[in-house]
Amino acid sequence: MFLVTGATGGIGRKVVRLLRQKENLVRAFVRLSSRYSELEHRGADIFIGDLQVEKDIEKACRGVQYIISAHGSDSDALSLDYRANIELINQAKANEVQHFVFISVLGADRGYEDAPVFKAKRAVERYLAASGLNYTILRPAGLASNLLPLAERFRETGLYLLVGDPKNRTSIVSTDDLAKMVVDSITLEGALNQILPVGGPEILLREDIPRIFSRIFNKDPIVINSPLFVVDGLRNAFGLFNPQVQQALGTYRTLLSNEFFCTKEEIANLERIFNFQVETLESFLRRYLAV
Ligand SMILES: NC(=O)c1ccc[n+]([C@@H]2O[C@H](COP(=O)([O-])OP(=O)(O)OC[C@H]3O[C@@H](n4cnc5c(N)ncnc54)[C@H](OP(=O)(O)O)[C@@H]3O)[C@@H](O)[C@H]2O)c1
């Protein structure tokens, strides 16, 4: 039995689909408010709970052999990115789980002081690596599926909002490729006890993204380049009455103001371990936008 947290999220949903296609038993950890009927339809066992409640984690882990931690947090990095994962690892040990896959983030090891999610991910990585469990830690760059709503808006308006430096480099990863790696990590020896940066095959500049949209939709882009101090202004304003949102914006600012890309060698290593070629952003978008 596989336990998948974040089963209704961008990555988790695809992981559950892949596992069910291979007829694995899957327990999908979802909230009552989550949109989980598709997962139920595919034969996943639905576990309703809240990852902020320790008892729910303890119950969800009973009798599972594999745990895939693919949940995220909107603004509460301490309780979701940190505590929930530590508890999942403790329960994995208690249940003698055979393999634990953790979705971290590219740059988790760079010590970004202002980004609670990055700090939580790094702390969890260390805890997992020292746990004695078999593990795989995947550190993705940005997910291609995040760009689908922006592409849809571009299709209608030709507009693209680019916050921060247009020359910053990124390696957007196909969400389908990442989901496949998550599932294959459990069986492939090359992925055992590894921390792997995960990106797409090309190093893109952020300004390449509207160019790709433009090619796909055959439409000239109108790029609005907003400076980072707009985010700083928002952070200061929110900080006056909501410190959690201020912290979340710290993670967001870190994402916007730094480069998140994989080297050619890292991608070659990934393709060797998982034995497939990762797809380009353009190919991913064309598949989903049917153009
Ligand atoms: N998106 C990216 O570009 C990116 C890049 C690098 C790393 N990552 C990491 O990859 C992981 C998955 O990202 P994603 O984009 O797939 O996430 P996502 O689409 O934002 O989904 C988050 C998931 O977590 C669940 N969740 C949130 N709070 C919960 C709670 N209290 N109890 C139970 N479930 C809860 C959500 O459930 P609901 O459906 O109920 O909201 C949802 O299923 C995250 O750890 C993220 O940090 C993402």
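**Figure 1. Alanine 290, an exposed residue of the predicted model.** In this predicted model, alanine 290 lies in the segment that follows helix H12 (281–289). Alanine 290 has 5 other C-beta atoms within 10 Å; it counts as exposed because the limit for that class is 12 or fewer. Its phi is near 55 degrees, a positive value in a residue other than glycine. Most residues other than glycine have a negative phi.

**Figure 2. Asparagine 193 in the loop between helix H7 and strand S9.** The loop that holds asparagine 193 runs between helix H7 (175–184) and strand S9 (194–198). Although asparagine 193 is not a glycine, its phi is positive, at about 55 degrees. With 13 other C-beta atoms within 10 Å, asparagine 193 is partly exposed.

**Figure 3. The crossing of helices H3 and H4.** Two packed helices are described by the angle between their axes and the distance between the axes. For helix H3 (residues 54–61) and helix H4 (residues 77–94), the axes come within 9 Å and cross at roughly 35 degrees. The crossing of H3 and H4 is right-handed. On the H3 side, the contact is formed by Glu54, Ile57, Glu58 and Cys61. Their counterparts in H4 are Ala84, Glu87, Leu88, Gln91 and Ala92. By class, 5 residues of this contact are nonpolar, 1 is polar and 3 are charged.

Figure 4. The secondary structure of the protein comprises 12 helices and 11 strands. The radius of gyration is 19 Å, close to the 19 Å that the globule rule gives for 291 residues, so the protein is as compact as a globular protein of that length. Along the principal axes, the C-alpha atoms fill a box of roughly 55 × 45 × 40 Å. Buried residues make up 42% of the 291 residues. Among contacts with a separation of 6 or more, 75% are between residues 24 or more positions apart.

How values were computed: Residues are numbered from 1 along each chain as its sequence is written. This is a predicted model: local features need pLDDT of at least 70, side-chain atom pairs count only at pLDDT 80 or more; totals for chains, interfaces and linings use all residues. Axes are lines fitted to C-alpha atoms, for helices over the stretch in contact, and angles run from 0 to 180 degrees between N-to-C directions. Helices (H or I, at least four residues) and strands (E, at least two) are DSSP runs, numbered from the N terminus. A crossing is left-handed if the near helix is turned anticlockwise from the far one by less than a right angle, and right-handed if clockwise. Two residues are in contact if their C-beta atoms, placed from the backbone, lie within 7 Å. Ala, Val, Leu, Ile, Met, Phe, Trp, Tyr, Cys and Pro count as nonpolar, Asp, Glu, Lys and Arg as charged, and the others, Gly among them, as polar. The radius of gyration is taken over C-alpha atoms; the globule rule is 2.2 Å times the number of residues to the power 0.38. A residue is buried if 20 or more other C-beta atoms lie within 10 Å of its own, exposed if 12 or fewer, and partly exposed in between; C-beta atoms are placed from the backbone.
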